[in-house]
Amino acid sequence: MTVYIDPPDWPGHGRFWSHLVSDVSFEELHAFAASIGCPPRAFERDHYDVPAARYEDAVRAGARQIGSKELVRRITEAGLRRPKGRPAPGPAAPGPAAPGPATPGRLPPA
């Protein structure tokens with residue numbers, strides 16, 4: 001299992017946020033997120049928004065700490081990057097559907 005998290009540097013709703021991703025599959029990402037208590041509504045296209053207060057929980061559970069640009073590079077190379085406004089390639093994406101973003105977390109452009 002390889003799940004990554006970037007530093008909680010993204011402001012929104014009076015707090016700071018991290019992004020949690022997998023470079024293997026969305027199934028892996030959803031399973032890991034559920035194991036640390038991330039609600040399905042925290043999933044946004046290709047990542048989970050994780051509040052700064054939960055960052056260390058994710059790291060203790062096995063998320064590997066990397067920078068934001070490296071995080072985007074890894075999910076892009078894995079074919080899991082879903083930029084806003086572009087449909088997911090191939091069949092429907094697995095995992096829970098969220099009615100809009102739970103937080104304003106945005107991954108930097110690839």
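## Close-up views of the core and its aromatic cluster

View 1. Ile5, Leu20 and Tyr48 touch the most other members of the largest nonpolar core, which has 24 residues. Such a core is a set of buried Ala, Val, Leu, Ile, Met, Phe, Trp, Tyr and Cys residues joined through side-chain atoms within 4.5 Å; buried means under 20% relative accessible area with a 1.4 Å probe, protein chains only. Two or more residues each come from strand 1, strand 3, helix 1, strand 5, helix 2 and helix 3 (68–77). Helix 1 gives the largest share, 4 residues. Helices (H or I, at least four residues) and strands (E, at least two) are DSSP runs, numbered from the N terminus.

A word on the model before we zoom in: it is predicted, so local features need pLDDT of at least 70 and side-chain atom pairs count only at pLDDT 80 or more, while totals for chains, interfaces and linings use all residues. Residues are numbered from 1 along each chain as its sequence is written, and side-chain values use heavy atoms, with hydrogens and water left out.

**View 2. The surroundings of Leu20.** Leaving aside residues up to four places away in sequence, Leu20 touches Val3, Tyr4, Ile5, Leu29, Phe32, Ala33, Ile36, His47, Tyr48, Val50 and Ala63. Contact here means heavy atoms within 4.5 Å.

**View 3. An aromatic cluster of Phe26, Phe43 and Tyr48.** The whole structure holds 2 aromatic pairs. Phe26 and Phe43 have ring centres 6.0 Å apart and planes at 85°, so this pair is edge-to-face. Because Phe26 lies in helix 1 (residues 26–35) and Phe43 in strand 4 (residues 43–44), the pair ties together parts that are 17 residues apart in sequence. Phe43 also pairs with Tyr48 in a tilted arrangement, 5.2 Å centre to centre with 55° between the planes. Rings of Phe, Tyr and Trp (its six-membered ring) pair if their centres lie within 6.5 Å; planes under 30 degrees apart count as stacked, over 60 as edge-to-face and the rest as tilted. Phe43 counts as buried at 7% relative accessibility, and Tyr48 does at 2%.

**View 4. Helix 1 and its packing partners.** The buried residues of helix 1 are Phe26, Glu28, Leu29, His30, Phe32 and Ala33. They pack against strand 1 (3–5), strand 3 (15–22), strand 4, strand 5 (47–51) and helix 2 (52–60). Just after the helix, Gly37 takes a positive phi of about 85°.

Note on methods: Buried < 20%, exposed > 50% of the residue type's maximum accessible area, 1.4 Å probe, protein only.
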